[in-house]
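User: Hello! I am new to this structure and would like to learn what its labels rest on. Could you walk me through them?

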Amino acid sequence: MDDSEKSLVDVLDSLLNQGVVLNADVILALANVDLVYLRLSALLCAADRVLPRKTA
Amino acid sequence: MALYVLALTDTPLSAWTVGAHRLESLQHDGVHVVFERRAASPAVTDTELREQHALVLAIAARTRAILPARFGSLIEKRQLTALLRRHEADVRAALEQVRDRVQMTVRVTGSAAPSPSAPVVSGALSGRDYLERARLKSSPPLPRQAQRVLSAVQPYVVSERREPGAGRLLGTIYHLVDDSQLADYRKAVGKRVPGVIVSGPWPPFAFSPQLW
């Protein structure tokens, strides 16, 4: 995972999943962003495959 | 036009421009709301998300205490004022908590550590057993190498929030760290550990209150 992808994961998580919520409309408006989360999940899985595994 | 809220802070900020964005602020009882005037929320795209994140970083660079808003926080001024009046104490407490602090994020991926077995009960579960099973299911034990990293940084953590993961993402742990302790926190993380992704420092997104 390069820095840009790592940064994207944090941007997605921070802005869509965290932060001050000012009204319920925001939650509803973001309820259909599953595709964004699928991408986040794919990035994390990629990171898991790329990073070296602990040797026994 | 409505106000597209980017962050709350305790610092008075004059209007300024970041790229194509004109940022303004309004004050309510010592809480300053940084916003941009917009007719509608931006679409959820990589570009818009990255732009908003850059704006939050620009605001964070000008203040010691910031509570970033969630993407899509478009609100009328009257509603915003009412909201701040209703949650004044929560906002003040949150600003106090994050002052001169940053967020570090620890993501743990891989396979969960073997779970301590839930109590075996024949017949109906007691309330306590049910809650214990639910707890183990929602936050399975993290792998040993992740637990080692979390223990190492613990002395530098002011506050912690954990969110369970899904699939290969086992969980996300958000740490609030003093600016002055950041170097020590990073040193404690040490070398890259497989299955543990540490990022930051970030504005304290995960330590922002829900106000609606």
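User: Let's begin with a pair of residues. In β3(B), which residue is the bridge partner of B:Trp16?

Analyst: The partner of B:Trp16 in β3(B) is B:Leu23. Before we go on, please note that this is a predicted model, in which local features need pLDDT of at least 70, side-chain atom pairs count only at pLDDT 80 or more, and totals for chains, interfaces and linings use all residues. Residues are numbered from 1 along each chain as its sequence is written, while chains are lettered from A and ligands numbered from 1 in the order in which they are written.

User: How do you know that β2 and β3 of chain B are paired?

Analyst: Strands are DSSP runs of E with at least two residues, numbered from the N terminus, whereas helices are runs of H or I with at least four. Two strands pair if DSSP finds at least two bridges between them. Strand β2 (residues 16-18) of chain B is joined to β3(B) by 3 bridges, in the antiparallel sense, so this counts as a pair. Their hairpin has 2 residues between the strands, and B:Gly19 there takes a positive phi near 60°.

User: Which strand does β3(B) meet through 5 bridges?

Analyst: That is β4(B), which runs antiparallel to strand β3 (residues 21-28) of chain B. B:Gln27 has B:His32 in β4(B) as its bridge partner. Strand β4 (residues 31-38) is also joined to β1(B), antiparallel again, by 7 bridges, and B:Leu8 stands opposite B:Val33 there.

User: What makes B:Asp29 exposed?

Analyst: A residue is exposed if 12 or fewer other C-beta atoms, placed from the backbone, lie within 10 Å of its own, buried if there are 20 or more, and partly exposed in between. B:Asp29 has 10 C-beta neighbours inside 10 Å, so it is exposed. B:Asp29 sits in the loop between β3 and β4 of chain B, and its phi is near 50°, a positive value in a residue other than glycine.

User: Why is B:Asp100 called exposed?

Analyst: B:Asp100 has 9 other C-beta atoms within 10 Å, so it counts as exposed. Its phi is positive too, near 60°, and its place is the loop between α3 and β7 (101-109) of chain B.

User: What makes a group of residues a nonpolar core, and which residues have the most contacts inside the largest one?

Analyst: A nonpolar core is a set of buried Ala, Val, Leu, Ile, Met, Phe, Trp, Tyr and Cys residues joined through C-beta atoms within 7 Å. The largest has 51 residues, and those with the most contacts inside it are A:Leu22, B:Val5, B:Leu6, B:Ala7, B:Leu67 and B:Leu80. Its largest share, 6 residues, comes from strand β1 (residues 2-9) of chain B.

User: Why does this core lie between domain 1 and domain 2 of chain B?

Analyst: Both domain 1 (2-98) and domain 2 (101-116 + 142-207) of chain B give residues to this core, so it lies between them. These bounds come from an automatic or database domain assignment. Another core, of 7 residues, lies apart from the largest one and has A:Leu12, A:Leu15, B:Leu49 and B:Phe71 among its members.

User: How many residues of each domain of chain B are in contact with the other?

Analyst: Two residues are in contact if their C-beta atoms, placed from the backbone, lie within 7 Å. By that rule, 8 residues of domain 1 of chain B touch 7 residues of domain 2 of chain B. The side of domain 1 that touches domain 2 takes at least two residues each from α1 (46-60), β5 (66-68) and α3 (88-98) of chain B. The C-alpha centres of the two domains lie 27 Å apart.

User: Why are β8 and β10 of chain B said to stand at the edges?

Analyst: The open sheet has 4 strands in the order β8-β9-β7-β10 (chain B), with antiparallel pairing. β8 (159-166) and β10 (196-202) each have a single partner strand, so one side of each is left without a neighbour in the sheet. β8(B) pairs with strand β9 (residues 169-178) over 7 bridges, and B:Glu160 stands opposite B:His175 in β9(B).

User: And which residues does a cis peptide bond join?

Analyst: The cis bond joins B:Gly200 and B:Pro201, with omega about 5°. B:Pro201 is found in strand β10 of chain B.
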